[in-house]
Amino acid sequence: MEAVIDRIMMTYDLLTNRTAAASAEARAKVTDYLTTLMEAGEKDTHRLTVCGLTYLRELDGSSDPVKAGFTGL
């Protein structure tokens, strides 16, 4: 599981510019989330990586088109 979390955080760090504290908080949140997925039976490391990245992007609002600046005009 540590390899999956490391891969998620390395990729996510390429997408965002955060402080060390924010990175540690994101790591803790994604660890809890992945633990839940694994307890539910998910074992595929690639799927866990994608789910973790999606979860972090939803948390920071980067997957929300309005927060990203798209107004629809």
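On a 1 Å grid over the protein atoms alone, a pocket is an open set of points where a 1.4 Å probe fits, with protein on both sides within 12 Å along at least five of seven lines, and its lining residues have an atom within 4 Å of a point. The structure is a predicted model, in which local features need pLDDT of at least 70 and side-chain atom pairs count only at pLDDT 80 or more, whereas totals for chains, interfaces and linings use all residues. Residues are numbered from 1 along each chain as its sequence is written, and side-chain values use heavy atoms, with hydrogens and water left out.

The largest pocket holds about 150 Å³ of space, a volume being the space filled by probe spheres set on grid points that are joined across faces, edges and corners. Its lining consists of Y12, T16, R18, A22, E25, A26, K29, L56, L59 and D60, of which five are nonpolar, one is polar and four are charged.

S23, placed in helix α2, counts as buried because its relative accessibility is 19%, the limit being under 20% relative accessible area with a 1.4 Å probe and protein chains only. Leaving aside residues up to four places away in sequence, S23 touches M9, D13 and R18, where contact means heavy atoms within 4.5 Å.

Note on methods. Helix = DSSP H or I, 4+ residues; strand = E, 2+ residues; numbered from the N terminus. Buried < 20%, exposed > 50% of the residue type's maximum accessible area, 1.4 Å probe, protein only. Nonpolar A, V, L, I, M, F, W, Y, C, P; charged D, E, K, R; others polar.
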